[in-house]
Amino acid sequence: MRRPLIAGNWKMNGRLADGRLLAEEIAQRVHRATETGVPPLPACDLLVCPPFTLLEAVHRALAGSGVLLGGQDCHPEACGAHTGDVSAAMLADLGCSYVIVGHSERRQNHGEDDALVRAKAAAAIAEDLVPIVCVGETEAERDEGRALAVVTGQVAGSLPELFEPPRLVLAYEPVWAIGTGKTATPEDAAEVHRAIRGALAERYGAEAAGAVRILYGGSVKPENAAALLGDADVDGALVGGASLKADDFWRIAEAVG
């Protein structure tokens with residue numbers, strides 16, 4: 001059975017004091033739930049992905065809580081003359097176990113294509129990081145009836161050939177729902193998640209496809225989390241703005257059925 005994952009993508013937000021405080025608040029909630037059972041610990045894995053500048057401080061603040069740490073991107077090369085970039089090995093060295101690759105904001109703002117995303121995912125796997133590979137259609141592509149074709153095409157182009165299924169996460173993030181306040185209906189999200197799992201099964205086999213966690217992302221909030229997470233093929237959420245408030249992040253985690 002796939003254990004749900006609630007991942008917080010802090011994006012380009014927070015200075016050192018902000019990140020440390022937010023991580024400490026999340027860790028305190030975990031410790032309190034573990035020690036007292038009130039409120040109970042959510043039945044999911046928790047992951048936070050802060051900006052690179054906050055990784056070490058957040059890692060220290062989360063120590064002993066069981067909350068996982070991830071990066072927001074990595075370079076496909078292990079090292080070299082790549083000014084401003086961060087390698088998967090560097091992330092692992094700072095205590096990360098996950099890394100987001102192919103987020104639509106990287107695809108759109110930095111011109112990243114499927115081939116580059118695939119190379120980044122392979123680099124992450126080589127350093128024992130779990131890549132969270134993001135896919136999703138634009139509003140125009142959905143309006144044209146091409147959402148499933150676009151997303152499954154990104155899945156085909158963005159995944160490396162070899163990986164252990166539990167060591168890979170996919171995140172379906174409709175581009176039109178990221179940071180806009182718009183959200184896919186639970187039915188629409190479930191339809192795309194099933195199409196993604198079907199594409200995985202065709203390529204890697206049903207057993208492997210069944211072991212891959214597929215998250216939904218796109219204006220996930222405490223108010224809509226339960227409905228979005230209710231389908232059997234939705235294995236958690238990649239949370240943006242709501243992950244910057246410990247209470248909202250925790251309430252989303254509590255919505256896991």
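Which residue of β3 stands opposite L47? In the predicted model examined here, local features require pLDDT of at least 70 and side-chain atom pairs count only at pLDDT 80 or more, whereas totals for chains, interfaces and linings use all residues. Residues are numbered from 1 along each chain as its sequence is written, and side-chain values rest on heavy atoms, with hydrogens and water left out.

Helices (H or I, at least four residues) and strands (E, at least two) were taken as DSSP runs numbered from the N terminus, and two strands were considered paired if DSSP finds at least two bridges between them. Strand β2 (residues 45-49) runs parallel to strand β3 (residues 68-71), to which two bridges join it. Within β3, the residue opposite L47 is L68. Strand β3 is also joined by two bridges to strand β4 (residues 98-101), again in parallel orientation; here G70 has Y98 of β4 as its bridge partner.

With a disulfide defined as a pair of cysteine sulfur atoms within 2.5 Å, the count is zero. The sulfur of C96 lies 7.6 Å from its closest cysteine sulfur, that of C49, and is therefore too far away for a bond. C134 is likewise in no disulfide, the nearest cysteine sulfur, in C49, being 9.4 Å away. Relative accessible area was classed as buried (under 20%), exposed (over 50%) or partly exposed (in between), using a 1.4 Å probe and protein chains only. C96 is buried at 7% relative accessibility, and C134 is buried at 1%.
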